[in-house]
Structures are given as structure tokens and as C-alpha cells.
Amino acid sequence: MAEGAGKRDYRTADERAAQMIDAAHAIIERERSTELSLRDVADAVGASRALAYAYFADRHRLIEAVLDREAELLLGAGLDEAGTDGSFAERAGRVAAIYLDHVARHGSVLEIVMREPEVMRELQTEASAIRSRIYRRLTRAARRDLQMPAPDALALVQLLAVIPEEAGKQWRAGHLDRTEAHRLCSRLLAAGIEAQVPRPQGREKAGLDDG
């Protein structure tokens, strides 16, 4: 008989819900997909489907809860403040460093869910608001510092966002340590931004600085 069998479960409702959110997070991360069911989650935590439905009306509400917890972690790490002051390079560097650490510690669930627009349309989550807010701030800073039109600035921000994601994955997988992952991220961010710095015509070949 399994240890603890026959004992009453004294977990609170919040603790039960948190356990299901943990299980959903693990399934999404493992399968690299949002195609999970409440049955999968209930089985993972040793609960009944009826109990899972008592906490989450459907899989979208469960995924929503997963993303809300991701948002809470990122806000607690200072992501919102990281994109508010300084040059575009400074803001992008701070945001990237926080997100890199998040991916290394908690996985890529945000990326996995947010790349599925049909799922995102069903969700009302703070994670979407945070991403939009950070992207707007960084896009405005890129337009200002790099003298780029808005569509180009947004495209640059979206491309640069891949760098901390991938560096975090490499650290999480054990291919890099923390120092190496952050060094790689910083180097690639700097190169990506430097390539977009406007230069006077005719001086690029000479490699001269502005002024």
C-alpha cells in the first residue's frame, strides 16, 4: 500500500488548485503543447475529474491560471520596472536578463502558450497585458534611439526577445551555466542593436563613429 494511503487529505482549496496548476505547467512544458485535458491534470495529481472541474471550468481556465502565475513571478522579479527607464539598449538588457532567469528556472510555458493564437483568444490573463506593455515601451525606445519606423522597431523587439528565451533554455538544459548564458545573451543583444544604429552615409566602410 502506498505511503499515506487511507489518510485524510487536509490540503486547502488553494493548495489543491496550486497542485493542479503545477501539473498543468509540467504537462505543457513536457509536451511543448497546450493540448492538455483536465483528465490529464487530475490523473497527474491523483484527483478525480469532478474535483478538477470544481476548480477549473475547462482547460482554458486552467491554462489561464498557469499564465497568471507566470505573470506573478515575472512581476515579482521586476520585469515591469525593467522596461521603463534608460536607453533602448539598457531597457532591453534588463528585461532580457530577467526573462532569461525566468526561463531557466521555470521553463518556456509562456512562449509555448503565446505562440498559439487560437488558445490566446480564449484567455484573459495578466501575462498578455504585461507582454503588450513591455513591447510598447521597448518599441517606443527603439524608435527614439534608433530612428526606426514603428513597424521596424516592433519587429526588432520581437526578434531580440528570442535571444533570452534561447539562452535560458540552454542554461536550463545544462549546456551553459548562468554566467555563460547571460554573457551570450548580452553579446547577441548588443550585436543586434548595434547593427541597427543609424550611421551617416558614406562612413560605414571606414568604420567611423558618429562625430
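1. Fold content. The protein has 12 helices and zero strands. Along the sequence the pattern reads α-α-α-α-α-α-α-α-α-α-α-α. Helices (H or I, at least four residues) and strands (E, at least two) are DSSP runs, numbered from the N terminus.

2. Basis. The model is predicted: local features need pLDDT of at least 70, side-chain atom pairs count only at pLDDT 80 or more, and totals for chains, interfaces and linings use all residues. Residues are numbered from 1 along each chain as its sequence is written, and side-chain values use heavy atoms, with hydrogens and water left out.

3. Overall shape. The C-alpha trace spans about 80 × 35 × 25 Å along its principal axes.

4. Of the 211 residues, 39% are buried. Buried means under 20% relative accessible area, exposed over 50%, and partly exposed in between (1.4 Å probe, protein chains only). Contact means heavy atoms within 4.5 Å. Among contacts between residues at least 6 apart in sequence, 67% join residues at least 24 apart.

5. Largest pocket. Its volume is about 630 Å³. The lining holds 27 residues, and Tyr99, Arg131, Tyr135, Ala161 and Glu165 are the closest to the centre. Two or more lining residues come from each of α4 (59–76), α6 (88–106), α7 (109–114), α9, α10 (150–160) and α11 (162–172). Helix α9 gives the most, with six residues.

6. Pocket criteria. The search runs on a 1 Å grid over the protein atoms alone; a pocket is an open set of points where a 1.4 Å probe fits, with protein on both sides within 12 Å along at least five of seven lines, and lining residues have an atom within 4 Å of a point. Grid points are joined across faces, edges and corners, and a volume is the space filled by probe spheres set on the points.

7. By class the lining has 21 nonpolar, one polar and five charged residues. Ala, Val, Leu, Ile, Met, Phe, Trp, Tyr, Cys and Pro count as nonpolar; Asp, Glu, Lys and Arg count as charged; the others, Gly among them, count as polar.

8. Thr139. This residue sits in helix α9 (residues 126–146). Thr139 is buried because its relative accessible area is 10%. The Thr139 side chain reaches the backbone oxygen of Tyr135 at 2.7 Å. Beyond four places in sequence, Thr139 touches Ala150, Ala153, Leu154 and Val157.

9. Asp145. Helix α9 also holds Asp145. With a relative accessible area of 29%, Asp145 is partly exposed. A polar contact of 2.6 Å joins its side chain to that of Arg144. Such a contact is a pair of N or O atoms within 3.5 Å; within protein, one must be able to donate a hydrogen and the other to accept it, and residues adjacent in sequence count only if both atoms are side-chain atoms. A polar atom of the Asp145 side chain also lies 2.6 Å from the backbone nitrogen of Phe88. Leaving aside neighbours within four places, Asp145 is in contact with Ser87, Phe88 and Pro198. The C-alpha atoms of Asp145 and Ser87 are separated by 7.1 Å, at 58 residues apart along the chain.

10. Glu90. This residue lies in helix α6. Its side chain reaches the backbone nitrogen of Ser87 at 2.8 Å. Glu90 is partly exposed, at 44% relative accessible area. Glu90 and Ala190 are 100 residues apart in sequence and 9.9 Å apart in space, C-alpha to C-alpha.

11. His60. Helix α4 carries His60, which counts as buried at 17% relative accessibility. Outside four places in sequence, His60 is in contact with Val119, Glu122 and Leu123.

12. Backbone check. Most residues other than glycine have a negative phi. Arg32 has a positive phi, near 55°. Arg32 is in the loop between α1 and α2 (38–45) and counts as partly exposed at 30%. Gln147 also has a positive phi, of about 55°, although it is not a glycine. Gln147 is in the loop between α9 and α10 and is exposed, with a relative accessible area of 62%.
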